[in-house]
Amino acid sequence: MGLKLRSLHRSMFAQLAIITILFVGFGVYFFTLRPLLSVEPTGVADPLEVTAASASEVLSRFAFAEREQAGAGGDLDADPVLRDIKAHNPKFRYFVRVQGREFRSGEGTPFFIRLAFDRLQSQNLTKVYSGLCLTNTNSDPGGPGRSFLAYSDCGGQASYYEYAGIEHATTNAAAGSARLYGKFIWSYGGIFLFTVGAAFVVFTIILLANVLRIRRVAAMARDLDPDNLSELFPEKGLPLEVAPLVSALNQMIVRVDEAQKRQRFFLSAAAHEMRTPLTVLRTRLEIMDDGQLKDKLISDVRRLTNLANQLLKLMTIGEAPEPLKESDLVTLTGRAVGEREVVAARRGLDLVFEREVTRYGLWADPSLVETAIGNVIDNALSFSAQGQRVVVRLDKDGWVRVCDQGPGIPREQIKTLFEPFTRFSTGRSGYGLGLAIVKAVVDRHEGAVVIGEVAGGGAEVALRFDPNIPARP
């Protein structure tokens with residue numbers, strides 16, 4: 001997971017997301033935060049101001065109702081707004097005086113007395129002077145907390161209300177301010193955010209469409225057969241940025257294919273041309289007088305002939321494959337074992353063929369399958385010492401297992417064992433082509449080859465040829 005996070009910067013989608021986030025961040029700042037910092041929006045205020053304004057509204061409405069008719073204002077102590085303010089502000093107090101009636105809550109001397117509004121009202125100036133109206137408001141007459149007073153006396157009808165001690169905003173006021181700020185932010189930045197979001201969605205769709213095309217090319221690359229490079233990657237419909245890369249890959253495939261063809265032609269021609277002089281050389285050696293030198297030379301010629309034959313076999317497996325035929329794996333395995341029983345007996349080895357079925361049908365190239373099984377048996381015989389046993393067993397599920405009692409194969413050498421000219425032991429005869437041919441035959445039939453260990457020592461090579469492969473021309 002850590003590796004994936006560290007490599008995100010190489011992802012086109014991650015780069016697009018990072019650019020979008022940065023773009024949105026700058027846009028939110030320039031189109032939303034800066035206007036908020038420079039302009040005070042209408043209707044949006046500090047939650048504490050909203051709380052104070054709600055207290056003024058309640059007390060003003062109560063004073064007006066009581067001035068019109070005694071008792072019309074209701075019970076201030078039961079008002080939900082004032083109760084909510086009291087719950088958040090223990091020092092909150094209010095005082096209302098209407099037509100000589102007083103309503104109060106909380107401790108402390110009212111501003112009405114402290115600021116001598118009581119003496120002003122006792123003079124009855126509005127009655128003495130007809131048409132005179134006295135009004136006064138003070139948004140900060142004194143603490144604690146936020147405070148306010150409003151005095152009105154017109155035509156002898158006086159009303160007064162005040163409050164103090166608002167130090168904390170109520171929950172409803174804070175939520176209301178948050179909603180107003182949210183609306184204000186959306187009014188400033190909503191269009192910008194919507195535009196960026198829509199552009200990001202469009203860019204993502206375009207990017208995903210191109211990524212899918214690139215993934216199809218990647219899937220073709222994974223399925224590319226190194227022995228058959230005739231198919232090239234499609235270059236049409238790819239993004240302009242990716243097309244040069246695919247074109248370069250196609251050019252590389254063409255060059256590699258040509259190089260492989262030249263290499264195969266050279267090896268095939270060399271192996272083929274070697275067979276004629278080797279046959280002539282062996283014929284001439286046959287007419288020599290018997291002796292150790294003659295036997296040694298004939299053995300060397302035989303080895304060179306086997307090398308040429310193996311090279312030809314390895315070259316022809318992938319180039320011009322024969323059509324698959326309906327075959328019997330029991331017969332092919334038995335024939336490969338039977339041809340090597342004499343060699344095993346001459347070396348003092350016990351070669352055994354065990355089978356769990358009497359017939360196992362599959363579509364295959366019979367000569368190649370028999371060659372592959374024979375090469376594995378030859379390999380097992382060469383690793384076995386006199387008196388040991390080599391078992392060839394055909395399972396009911398189609399696995400041909402060749403087990404020997406030799407030294408076994410180190411695990412670190414198993415991966416390279418199927419490469420051409422790879423030899424496990426330098427003391428053995430051969431050129432390391434036997435198992436390379438086995439691997440090529442198994443790949444031709446889309447089968448499998450597995451090398452393992454045998455309990456008590458030795459190695460097991462298991463081959464499987466898929467019986468469900470259809471016949472191909």
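**Cavities and aromatic pairs**

Ring pairs link Phe92, Tyr94, Phe148, Tyr161 and Tyr163 into a cluster. Rings of Phe, Tyr and Trp (its six-membered ring) pair if their centres lie within 6.5 Å; planes under 30 degrees apart count as stacked, over 60 as edge-to-face and the rest as tilted. This is a predicted model, in which local features need pLDDT of at least 70 and side-chain atom pairs count only at pLDDT 80 or more, while totals for chains, interfaces and linings use all residues. Residues are numbered from 1 along each chain as its sequence is written, and side-chain values use heavy atoms, with hydrogens and water left out.

**Aromatic pairs**

- The structure holds 11 aromatic pairs.
- One of them joins Phe95 and Phe112; this pair is tilted, at 5.7 Å centre to centre and 35° between the planes.
- Phe95 lies in strand β1 and Phe112 in helix α5 (residues 111-114), so the pair ties together parts 17 residues apart in sequence. Helices (H or I, at least four residues) and strands (E, at least two) are DSSP runs, numbered from the N terminus.
- Phe95 is buried, with a relative accessible area of 2%. Phe112 is buried too, at 2%. Buried means under 20% relative accessible area, exposed over 50%, partly exposed in between (1.4 Å probe, protein chains only).

**A charge over a ring**

- Arg93 lies over the face of Phe111, at 4.8 Å from the ring centre. The rule asks for NZ of Lys or CZ of Arg within 6 Å of the ring centre and within 35 degrees of the ring normal.

**Cavities**

- The count comes to two cavities of 30 Å³ or more. On a 1 Å grid over the protein atoms alone, a cavity is a set of points where a 1.4 Å probe fits but cannot get out; lining residues have an atom within 4 Å of a point. Points are joined across faces, edges and corners, and a volume is the space filled by probe spheres set on the points.
- The largest cavity has a volume of about 100 Å³. α13 gives the most to its lining, with four residues.
- That lining divides into nine nonpolar, two polar and one charged residue. Ala, Val, Leu, Ile, Met, Phe, Trp, Tyr, Cys and Pro count as nonpolar, Asp, Glu, Lys and Arg as charged, and the others, Gly among them, as polar.
- The second largest cavity has a volume of about 30 Å³. Its lining includes Arg93, Tyr94 and Phe95.

Notes
On a 1 Å grid over the protein atoms alone, a cavity is a set of points where a 1.4 Å probe fits but cannot get out, and a pocket is an open set with protein on both sides within 12 Å along at least five of seven lines; lining residues have an atom within 4 Å of a point.
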